[in-house]
Amino acid sequence: MKYTYHSQNRMNQRGISKEMIEFTLNHGSINGDAYITNKKVLRKMIEHLNKQLTLAKKLIDKGGVVVIVNNDSVITTYDYESYKAY
């Protein structure tokens, strides 16, 4: 993404980082030519990420999981530790 001189000045004046802009471009809603994040969108994202974090912690406790797929069907699944035994 290119940043104009004007946008760089506004970013500095308003305390908006390139990371914030990239986040908004990746996750914000689109309204015409504007990408928008607001408190409602961000709270939903944080809730979703917290659920993902909880799930990742459960997977760590199991040592990981292996899922075998064929033609868009889950065939079987097992703990990663069992997979390492083979």
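Accessible areas here come from the Shrake-Rupley method with a 1.4 Å probe, and for residues only the protein chains shown count as cover.

**View 1. The whole chain and its surface.** This is a predicted model, in which local features need pLDDT of at least 70, side-chain atom pairs count only at pLDDT 80 or more, and totals for chains, interfaces and linings use all residues. Residues are numbered from 1 along each chain as its sequence is written, and side-chain values use heavy atoms, with hydrogens and water left out. The protein exposes about 7700 Å², and 54% of that comes from carbon and sulfur atoms. Along the principal axes, its C-alpha atoms fill a box of roughly 60 × 30 × 25 Å. The radius of gyration (taken over C-alpha atoms) is 21 Å, while a compact globule of 86 residues would have one near 12 Å; that globule rule is 2.2 Å times the number of residues to the power 0.38.

**View 2. Helices and strands, one after another.** You can pick out four helices and four strands. Starting at the N terminus, the order is α-α-β-β-α-β-β-α. These are DSSP runs numbered from the N terminus, with helices being H or I over at least four residues and strands being E over at least two. Take the contacts (heavy atoms within 4.5 Å) with a separation of 6 or more: 2% of them join residues 24 or more positions apart.

View 3. T24 sits in helix α2, residues 18-27. Is T24 buried or exposed? It counts as buried, because its relative accessibility is 16%. Its side chain reaches the backbone oxygen of M20 at 3.0 Å. Setting aside neighbours within four places in sequence, T24 is in contact with Y35, I36 and T37.

View 4. Two elements, α3 (39-62) and β3 (65-70), each give two or more residues to the patch. Which element gives the most? That's β3, with three residues.

**View 5. V65 in its strand.** V65 is found in β3. Its relative accessibility is 35%, so V65 counts as partly exposed.

Methods:
Buried means under 20% relative accessible area, exposed over 50%, partly exposed in between (1.4 Å probe, protein chains only). A polar contact is a pair of N or O atoms within 3.5 Å; within protein, one must be able to donate a hydrogen and the other to accept it, and residues adjacent in sequence count only if both atoms are side-chain atoms.
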